[in-house]
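This report describes the fold of one protein, the packing of several of its helices, and the setting of selected residues. The sequence and the structure are shown first.

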Amino acid sequence: MDVPFKSISVRDLLPSHDLDNSSPLSAPDLRLIIDHLQVRSVQIKSKVQNYIVSHHSDFSVLFSQCSAAFSGAEHLSGEVSDLIRLISESPIDAEIKEVVDEVSEKRREVREKRKVLELVSVIVQVSEKLKFVREMMRGGRVVEAAEGIRELEEALRIREGEVKEEDGEPVVYGLLRSEWMDCFQEIQEVLAKFMENAVSFDQQSNALRVKYWSSINGNNSVELHTVLTAMDVVGVMDFGLAKVADLIIKYVISRAVNPESHISFSEEMNQDSGCTTEVVLKMVPSFEPELKGIDGQAIFTGSIQVVKFIYDTFCFQNSHWMRCFGRLTWPRMSELIISNFLSKVVPDDPSKLADFQSIIQLTTQFETDLKDLKFISPSDNKDKRLSEFADNVEVHFASRKKVEILAKARSLLLQSNFVLPNGFTRDAKVLKNEQTNENSVCYADLLFSSERCVVSGGAAKLMALVHQTLKDVCLSSTRVGIEFYHAARDALLLYEAVIPAKLGRQLDSINQAAVLIYNDCLYLSREIHGLAFEYRPDLPSSLKELVVFVDLAPRFQLMAEDILHRQIQLVIRNLKEATDGADGFQNTHQNKEFESAKFSIDQVVFILEKVHIIWEPLLLPLTYKRCMSMVLEAVFSRITKDILLLDDMAAEETLQLQNLIRMLLESLSSLLESLNSITDARKLPEGAVQSIDELVPSLRKIRKLAELLDMPLRSITSAWECGELFCCGFVSSEVVDFIKAIFTDSPLRKDCLWRIESADFM
């Protein structure tokens with residue numbers, strides 16, 4: 001039903017519509033509006049009444065439903081009120097909760113008791129099973145006992161002796177496992193004792209006895225096959241056969257593979273009432289004439305006979321049992337065969353390697369027979385110990401030769417003699433080994449040079465050994481050649497290791513041995529440089545890039561230079577100590593100080609002569625000249641410096657110093673002449689060869705100093721101004737101090753000093 005009011009506008013009731021919305025209404029307008037509204041209200045009421053009358057039935061049904069709903073709500077409200085009143089008077093919900101909790105607790109207790117009963121039942125069963133196992137062991141029923149112990153192992157969650165524990169498991173499980181372990185060890189030991197009684201070795205008759213029935217501790221006799229079956233079920237085959245395997249290795253196999261035993265084997269069988277009770281393997285001496293050398297066929301045949309006896313008797317041709325026994329014995333057996341036979345027949349000469357093929361065939365056939373007897377695995381390469389050794393015979397041959405080469409090299413070096421024969425001089429152009437000890441020194445040509453040097457017999461023979469080894473490398477296969485190559489390198493390195501340790505004291509003093517070691521190192525360095533040129537064309541193509549010696553040459557060169565440097569420093573240190581005895585050559589005009597200085601000069605001359613005697617016959621001429629020049633330079637410069645540092649010299653003192661210098665030079669005149677006579681054999685341009693004055697600058701200086709000691713002041717000044725003193729190595733400060741020390745202060749001295757200081761030669 002539409003509501004008319006929502007579409008009525010007050011201004012629409014007025015007769016005029018021209019009024020503005022903001023214009024006020026007058027009193028007549030308001031009365032007119034009221035009249036119109038009353039008329040409109042009457043119309044609305046008439047319409048509402050007509051609508052209700054026309055829908056009277058609908059309104060009746062609606063009011064009836066409302067009345068019924070109100071009555072139902074009042075009834076429900078009354079029932080809820082009664083229920084609330086009933087509950088409030090008696091709290092039944094708490095009683096229900098208590099009953100439910102009690103039922104749950106009873107059910108939980110029932111479940112726990114049921115689990116406890118099940119656990120107790122299991123524990124009782126396990127305990128009774130363990131007792132039953134022990135009873136079966138005592139009754140000789142070892143197989144049933146083994147099966148029982150295996151079942152209990154699964155029930156107690158034990159795997160290979162390790163326990164799989166779970167969180168919260170009963171403590172009694174640990175006690176049961178402990179009892180199981182005790183039972184397991186007991187059955188293991190019992191089975192092992194059965195095996196020890198069943199298999200034994202009679203040393204008096206040299207016989208291996210296998211009894212098919214045995215007993216221990218008064219128990220019933222048990223058959224050997226039954227014992228082995230029980231060990232297999234329990235999983236203790238290795239433990240049960242360990243002592244038996246050790247027994248057979250020690251008394252049977254060790255003799256079978258020993259070439260010196262010369263024994264043969266025979267089998268015997270003992271029966272009782274038609275049943276075999278014992279089998280015996282006897283070892284009897286062979287009546288065949290002893291063969292020269294080692295008979296590999298006899299060794300392999302005897303070993304196969306022993307293995308077959310084991311396979312047929314107490315392994316009962318069971319492949320699994322035989323493999324267990326093989327794993328326990330084959331490693332030691334193969335080592336015995338290698339050490340007693342194969343390693344001894346390795347050829348000593350490369351040309352005999354082809355003859356070793358028959359040994360390889362015998363070895364291969366031997367391992368094939370062992371595979372057929374299930375003694376070794378046909379698929380595991382680790383069991384092919386003998387064939388691998390035989391196939392690698394070249395390597396074994398090379399390894400043996402390498403050991404021999406290094407042993408020989410070490411022996412040569414240890415026996416090497418670093419003492420010169422009597423009467424040896426550089427003038428002896430040929431030094432024949434047959435005239436001296438075989439380990440004595442000898443001449444050796446230096447490669448890349450026309451010179452010859454004296455080396456120790458050990459170094460010469462060591463290098464000959466290296467040359468022979470490299471010749472073998474050129475004729476050998478790759479595997480053998482590489483071993484020989486390493487042997488040659490190691491032999492050379494032995495010199496570096498052995499000689500300094502052997503002659504350590506000699507290297508710390510001035511002697512011929514140190515110089516010989518220097519020559520050895522120089523010789524070895526040159527020879528090593530030449531190895532590549534000499535042997536590279538003949539080396540197998542696969543070895544040309546591998547055989548390298550060039551890295552060793554610098555080592556010996558550095559070793560030689562270090563030894564020579566140490567010798568030079570030792571000489572210089574001795575000369576310094578001798579010079580120190582002169583106390584700076586002070587006050588030589590006094591008799592005591594002069595004698596002291598003279599003794600120092602004599603010591604210097606003695607040391608230089610000693611060095612000359614040691615070095616000159618051994619060192620190469622130019623090396624000797626260079627080293628002696630370094631030593632002379634050190635001592636001459638020291639003496640000259642000490643004299644020039646004197647701040648006051650009397651006239652008599654200058655004469656004594658002059659005598660000392662001349663005494664020194666006269667004593668060394670022959671040495672200086674011999675050094676000056678040494679020339680380079682190579683064709684060099686004129687002036688390229690240095691004289692002794694150029695190599696020892698202090699020589700000219702000390703000679704000039706001897707002249708200055710009795711030279712007038714003007715002559716000294718003139719000698720400086722003309723550059724003569726400067727050419728001899730003097731500097732202006734030295735000349736000035738020298739003049740001040742000799743000449744007293746005077747106008748002439750001042751003038752000469754001014755002239756000297758004014759001259760400039762730079």
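Contact here means heavy atoms within 4.5 Å. With its neighbours within four places in sequence left aside, Gly 302 is in contact with Ala 256 and Phe 265. The model under discussion is a predicted one.

**Overall composition**

The secondary structure of the protein comes to 27 helices and 10 strands. The protein has 762 residues, of which buried residues make up 39%. It exposes about 42400 Å², and carbon and sulfur atoms supply 53% of that area. Of the contacts between residues at least 6 apart in sequence, 70% join residues at least 24 apart.

**Helix packing**

Two packed helices are described by the angle between their axes and the distance between the axes. Three pairs are set out below.

| Helix pair | Angle between axes | Distance between axes |
|---|---|---|
| α16 and α17 | roughly 160° | within 8 Å |
| α13 and α16 | about 15° | 11 Å |
| α14 and α17 | about 20° | 11 Å |

Helix α16 spans residues 512-535 and helix α17 spans residues 552-580; their axes cross at roughly 160°. Angles over 145 degrees count as roughly antiparallel, so α16 is roughly antiparallel to α17. The crossing in which α16 passes α17 is left-handed. On the α16 side, the residues that meet α17 are Ala 514, Ile 517, Tyr 518, Cys 521, Leu 522, Leu 524, Ser 525, Ile 528 and His 529. Their counterparts in α17 are Leu 552, Ala 553, Phe 556, Gln 557, Met 559, Ala 560, Ile 563, Leu 564 and Gln 567. By class, this contact of α16 with α17 has 14 nonpolar and 4 polar residues, and no charged residues.

Helix α16 also packs with helix α13, which covers residues 457-475, at an angle of about 15°. Angles under 35 degrees count as roughly parallel, and α13 and α16 are therefore roughly parallel to each other. The crossing of α13 past α16 is right-handed. From α13, the contact draws on Ala 459, Ala 460, Met 463, Val 466, His 467, Leu 470, Lys 471 and Cys 474. These meet Asp 520, Tyr 523, Leu 524, Glu 527, Leu 531, Glu 534 and Tyr 535 in α16. The residues of the contact of α13 with α16 divide into 10 nonpolar, 1 polar and 4 charged.

Helix α17 in turn packs with helix α14, residues 478-502, at an angle of about 20°. The helices α14 and α17 are therefore roughly parallel to each other, and their crossing is left-handed. Arg 489, Leu 492, Leu 493, Tyr 495, Glu 496 and Pro 500 in α14 meet Leu 552, Arg 555, Phe 556 and Met 559 in α17. This contact of α14 with α17 comprises 7 nonpolar, no polar and 3 charged residues.

**Two buried residues**

Gly 302 is found in helix α8, residues 296-312. Buried means under 20% relative accessible area; at 9% relative accessibility, Gly 302 therefore counts as buried. Gly 302 and Val 257 are 45 residues apart in sequence, while their C-alpha atoms are 7.7 Å apart in space.

Val 696 is found in the loop between α22 (692-695) and α23 (697-708). With 1% relative accessibility, Val 696 also counts as buried. Not counting residues up to four places away in sequence, Val 696 touches Ser 629, Leu 632, Glu 633 and Phe 636. Of these contacts, Phe 636 is 60 residues from Val 696 in sequence and 8.5 Å from it in space, C-alpha to C-alpha.

Most residues other than glycine have a negative phi. Which value does phi of Lys 374 take? It is near 65°, a positive value in a residue other than glycine. Lys 374 is found in the loop between α10 (357-372) and α11 (385-391). With a relative accessible area of 36%, Lys 374 is partly exposed.

Asn 587 has a phi near 55°, likewise a positive value in a residue other than glycine. Asn 587 lies in the loop between α17 and α18 (591-615). At 33% relative accessibility, Asn 587 counts as partly exposed.

Definitions and conventions
Residues numbered from 1 in each chain as written. Predicted model: local features only at pLDDT ≥ 70, side-chain atom pairs only at ≥ 80, totals over all residues. Heavy atoms only, no water. Axes fitted to C-alpha atoms, helices over the stretch in contact; angles between N-to-C directions. Helix = DSSP H or I, 4+ residues; strand = E, 2+ residues; numbered from the N terminus. Parallel < 35°, antiparallel > 145°, perpendicular 65-115°, else oblique. Left-handed = near helix turned anticlockwise from the far one by under 90°. Nonpolar A, V, L, I, M, F, W, Y, C, P; charged D, E, K, R; others polar. Buried < 20%, exposed > 50% of the residue type's maximum accessible area, 1.4 Å probe, protein only. Areas by Shrake-Rupley, 256 points an atom, 1.4 Å probe, with all protein chains shown as cover.
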